[in-house]
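Visitor: I am new to this one. Please show me the model, and then I will ask how you know what you say.

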Amino acid sequence: MANPEPNILIIDGNPDRAAVVERGLVESGWVRVSTIGPSVNLLARIQALAPDVIIIDLENPDRDTLEQMFQVSRVVQRPIAMFVDQSDSQMIHAAIDAGVSAYVVDGLRQDRIKPIVETAITRFNAFDRLRRERDEAQSKLQDRKLVEKAKGLLMKHRGLSEEDAYTLMRRTAMKQNRKLSDIAQSVITAFEMEI
Amino acid sequence: MANIVKLGFAPLVDCAIPVVAAEKGFAAAEGLDLRVERAPSWAALRDKLAFGLVDGAHILAPLALALHQGIAGVPATPLLVPVSLGLGNNAITLSLDLYERMQAAAPEVMAGPPALRARALRSVIDADRAAGKPPLSFVTVFHFSCHHYELLKWLADGGIDGRSDVNIGVIAPPRMVESLAAGWIDGYCAGEPWNQRAVQRGIGQVVVTKADIRPDGLEKVLGLRADWAEEHPAQVAALIRAIVKAADWSRDPANRAELARLLAGAQYVGLPADLIELTLNGAIPAPHRNRPDTADAHRLLLEMTAAEQLDLSEAERGALAAAVWRPDLYDEAVG
C-alpha cells in the first residue's frame, strides 16, 4: 500500500454523531478521516475521496448504494467488501446493536481494521447514550412543568393546599396505574375544557 | 409467551402480510409472539438475517437465493422459503428529457407495446455514442432484486446490453425521484409509489410496467434461517398458517382502508394512507401464489446467471432451488 495510514470515510445522516466518531478516531491516532452526509451522487464522491475504510450508520438507506461496490464494476476501480471478521461474530453483533457498519477495500488486513471498527462502535454507543440521557432529562423537565401547572390549577380553582393537590394527583395516579405526569395532563385538559 | 418469532421487513407496501399477522392477532391465534422489525435498507435486513438478529425476514426473492449461496456480501446463510409474500408492482420511470428523445427518435415504436419501447432507447443510445456523449445511467433498488432483472430484460428486448451500453447502479427508492430531478440518473426501476411520485411531480414518465415485462413474476418471499427453522418446526408451521390467514385478510377489499391506515404508521411504511391504498393493488398475491413454486426459483437463478451474478451448472441450480424453496413445508402446515 502506498500510504501506511488507512484513509477513513464516515458516512452518517447525523452530522453530530459523525463529528463524535471522527473525533474518536483522530484522538486514537488515525489522522486521515473525512465525513460526508447523505448525497445523491454518493459513489462519485466516494471515488473522489478513495477511502480504504468506510464507516456508515445502519439506518442509512445509502447502504444499498454502497453494496454495489461489492460487485467489481466499471464505476469503482477498487472492490470494496463489508468488514466481516469471521473469527469474531461477537463484534458483528456489537456493531449491529450499535447501529454501525464498516466496509473495507478488499485485501486490507483484518487486524488493521478491527481497532478502527471497535472505536466506531464505542463512539456510536456513547453518542446514543448521551442522546438518550438528554431526551430523558428533557422529558423529566417537561413532566415536572406539567405537574406544577396542574397543581396550580387545583390550588386556584379547588382551593386545595399545595400538598393536598399533589397528594390527590399522586393517589389518582396510583389508583389508575398511570404516570403522575399523565394525570397532571388530564387535570390541565379538564380545566382547559371548562374555560 | 415463550414462542417469540422475530421477522425483519423492509418499509414497502408488500410487508403487509407479516405486519397483519402480527397486528391483527393471526400469529397470536397460532400461539406465536410475532415481532416485526423494520430495516431501512436491504443491506441492513440481510445483515440482521445473516447474523441471527432475526429468525426470518420479508425479503427480495433473489436476495434469499444469494444469501443462501454466499454471494450476497456476507458469509453464506442457509435459508428456507416456506411461503411467498408478493409479486411486486414495479415500473420503469424515465426522465422527461429521455422520454421525449425516445418519442422523437422512434414515434412508431413508442406508440407500440411498452415491452418493446427500449428499441426507441436503442436509437437514442446510438445517437449519443456517435456524438461522443457518456452512457446513460439507470438505477434499481438492489443488485439482487427483480427490479434489476426486469430492467435488464426490458433493455435486452430493445437490443440493449445492460452491462456495456448503459450504467446500472443502486439507489434507495426514497432518493430516486430527487436523483432523477437533479439529472444524476436518466431512469429507474422501482416499486410504487416511487414511479407515481415522479409522474405527479412532473419529473418523469412511466415507460413500462412489470405487467408488460414479467407478468405474475414472484418478487418477495418469507425467508427463514434454516438453523432456526430446523430447531423450531412447530413455530414454522404456525407461522405459515398465520401468514396465510393474514394474506386472506389483507386480500379482502373490505379491509383495504384499514390495511392502508395500519401500514401508514411510522413504524411500518410511514407514507400517507391514501397513497398506500392506491398502491395496494397487486401487492397481495392471489391465494395460489402464496405457496412457494420452485419454478420461480429456477427462473430467478437463470436471471441471476444472465446478470453475471451467479455461475452454476444446471444441476447445481436445481439443487439450490430445491434446498431453499420449500413448498413441502407450506403443504404440511396448511394442507
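**The core and the contact**

Guide: This is a predicted model. Its largest nonpolar core has 153 residues. Those with the most contacts inside this core include Ile55(A), Ala16(B), Leu63(B) and Ile243(B). Helix α13 of chain B, residues 233-251, gives the largest share, 10 residues.

Visitor: What makes a set of residues a nonpolar core?

Guide: The members must be buried nonpolar residues such as Ala, Leu or Ile, joined through C-beta atoms within 7 Å. A second, separate core has 8 residues, among them Val147(A), Ile183(A), Ala184(A) and Val187(A).

Visitor: Which residues does Ala16(B) touch, not counting those up to four places away in sequence?

Guide: Ala16(B) touches Ser250(B), Leu259(B), Leu263(B), Ala283(B) and Ile284(B). Each pair counts as a contact because the C-beta atoms lie within 7 Å.

Visitor: How do you know whether the radius of gyration of chain B agrees with a compact globule?

Guide: Set the value against the rule. A compact globule of 335 residues would have a radius of gyration near 20 Å. Chain B has 20 Å, so the two agree. The C-alpha trace of chain B spans about 65 × 45 × 30 Å along its principal axes.

Visitor: What share of chain B counts as buried?

Guide: Of its 335 residues, 55% count as buried. The test is 20 or more other C-beta atoms within 10 Å.

Key:
Residues numbered from 1 in each chain as written. Chains lettered and ligands numbered in written order. Predicted model: local features only at pLDDT ≥ 70, side-chain atom pairs only at ≥ 80, totals over all residues. Buried ≥ 20, exposed ≤ 12 C-beta atoms within 10 Å, placed from the backbone. Helix = DSSP H or I, 4+ residues; strand = E, 2+ residues; numbered from the N terminus. Contact = placed C-beta atoms within 7 Å. Rg over C-alpha atoms; globule rule 2.2 N^0.38 Å.
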